[in-house]
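Please look over the structure shown here and read the numbered points beside it.

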Amino acid sequence: MIRIDKKPLETDVLIVGGGIAGLMAAINAADQGVHVTVAEKANTKRSGSGATGNDHFLCYVPELHGDDIEPIHTEVKNSLIGGYLDSTHTLKFLEQSFDRVRDWESWGISMKPTGKWQCMGHAFPGRPRVWLKYDGHNQKPVLTREAKKRGVKIINHTPIVDVITDNGKVIGAIGLDINKDEPTLKIFRAKSVILATGSASRLYPSAPSPGCLSNTAFNPSCTGAAQATAYRAGAKLVNMEFPNRHAGPKFMARCGKSSWIGIYKDPKGKTIGPFVKKPTRELGDITADVWNSVFTDMLESGRGPAYIDCSETSPEDVEYMLKAMVGEGLTSMLKYMDEEGIDVRKHMVEFMQYEPHLIGRGIEIDLNGESNIEGLYAAGDPVGNFRADIAGAATFGWIAGKSAAERAKGIEGFEKAEETPLVEERSKLYSSFMERDTGPDWREANFALQQIMKDYAGIKVRSETLLTAGLKYFNDLKAKVLDTLTAENSHTLMRCMEVLDLMECGETIFLTARERKETRGLHIRPDYPFTNPLLAEKWITIKKENGLPRMEWRNKM
Amino acid sequence: MPPIIDKEKCNACGVCADICCMDVFKVVDKKKSPIIRYPEECWHCNACVLDCKHEALSLRIPLPSMMLHVDANVATD
């Protein structure tokens, strides 16, 4: 049997994942005077999709935007991330977003690298600009330092694989210590748990490199653990049926298309979109923000490929752009370009749409960041009814941290989380993976999942018959995986857990995609080819009840 | 395969292995350079290169991640 650390770790607030949301939650929870622990899969100094930097922080800056928040609220709703937001949450976020900017600036993350507050990128001509341009190259080490300064206990190399509940309330979690080759399960007793494990990559085949599991725009270590553990614990997920795709350089999957100050062009040098003729740092080409599928459409029409051309950008703006890419954490790409002689002043770089991944699809939270399970909170990319990327993670992480701490303060003592049947059940499953001599490894399982997701719950076509058949195949695969998967050490066992989490997310995608009988965005249903105005403001939630999935429709707030 | 450790420069401090978001490295012997145990899992985030105080780390970007580019000096509209 897998080793279980007999001594449970007690903490008032347990934070699952030490990314932007997790560390901001930790800092604010610790400021409330409670004991806080962050359990992190890698090392909080460099983990998650913000590992080496980011550059855009969505926010309402009163001194730039004026006293009226409403035009900014409207702008966010109309922006590239705007479709799946509860207004109530967006407003609360906007009201507090600039306070978090000031925090970061005071801690040493450069929120005004040019010396003044400047919003640039993803900007529409004649409309308010809402993305504060910052230099996040040191954001993770700084937030780690601030958390430690406040006494937060950070346990690295220990992903949380399940939360433990009792009578609908959170009482702890199961962690997998991967510091040594032999895995050890660590049981946490906690009064509040905050899930903040980032996005979910690796659910669909990598669009640039279907044979590579790690060529993904967002961190491939983020695999929907928050959504999966929440779902297993009975929490509601929302908006899972809507695919989301990012775009960027081909074939090197990397976020940050908005950092490129250039014009999208066809191979003959003809401008593709109508928005900008001369790109500047203030107004780059927003064609891809408006026309999400432009790169795919150009390719499939035979008129492609589509490129970004920075050769007509002013030398000052090119310098600015290259510097900003360092702040965004794109240093390996810049080094590679340098070594390969790729010069944005002389070359056009092809862009593409990447595979769907989960960001802003997942756990439904209230205005305190809490799910429908008492004591279970979520923040950042795995939240399904609110999204604002880095800024959303920072601000709602902060909010969840405070709420979780306040809840913990009202609870006397700890429940014996280690005695719940879940611990034995999960340890048996993990042990079975470790004890088998032969069988598929996590890679095989991951690829097998990806091909089912692509063909039966993909972005080209979904229908009642395809989704029903796909769900059958998915269940066949899941059963086989549970019966035959093998792991040889703590690292590969962790990867096995990731694939199981991705499968949990996949199941909810199949079910909700079948439930939404219309075509909307990238949810394309040829059997319901219309976009139904009656469903425009309606969301599907899914949760497990007595072991079975249960879906409900609710109005967007 | 990425990443690559220059053993002449490496002092076996283990920072790369500790901060790698993909757990690509493995410290087998604390007195020696870590081994690159799972190279194909590297995300090329560059954290190991940035955080190595001895400049012992470099990344080799694999062929499937090649960046596609053409000359920009074509006729423009």
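1. Three bridges connect β14(A) with strand β5 (residues 69-71) of chain B, and the two run antiparallel. Strands here are DSSP runs of E with at least two residues, helices are runs of H or I with at least four, and both are numbered from the N terminus. Two strands pair if DSSP finds at least two bridges between them. H347(A) has D71(B), in β5(B), as its bridge partner.

2. This is a predicted model, in which local features need pLDDT of at least 70 and side-chain atom pairs count only at pLDDT 80 or more, while totals for chains, interfaces and linings use all residues. Residues are numbered from 1 along each chain as its sequence is written, and chains are lettered from A and ligands numbered from 1 in the order in which they are written.

3. In chain A, 40 residues are in contact with 32 residues of chain B (C-beta atoms, placed from the backbone, within 7 Å). On the chain A side, β13 (307-309), α10 (331-340) and β14 (347-356) each give two or more residues.

4. Strands of a sheet pair through backbone hydrogen bonds, either parallel or antiparallel. In chain A, four strands make an open sheet with antiparallel pairing, in the order β15-β10-β17-β18. Its edge strands, β15 (362-363) and β18 (548-555) of chain A, each pair on one side only.

5. Two bridges link β10 (residues 237-238) of chain A to β15(A) in the antiparallel sense. V238(A) has G362(A) of β15(A) as its bridge partner.

Definitions and conventions: Two residues are in contact if their C-beta atoms, placed from the backbone, lie within 7 Å.
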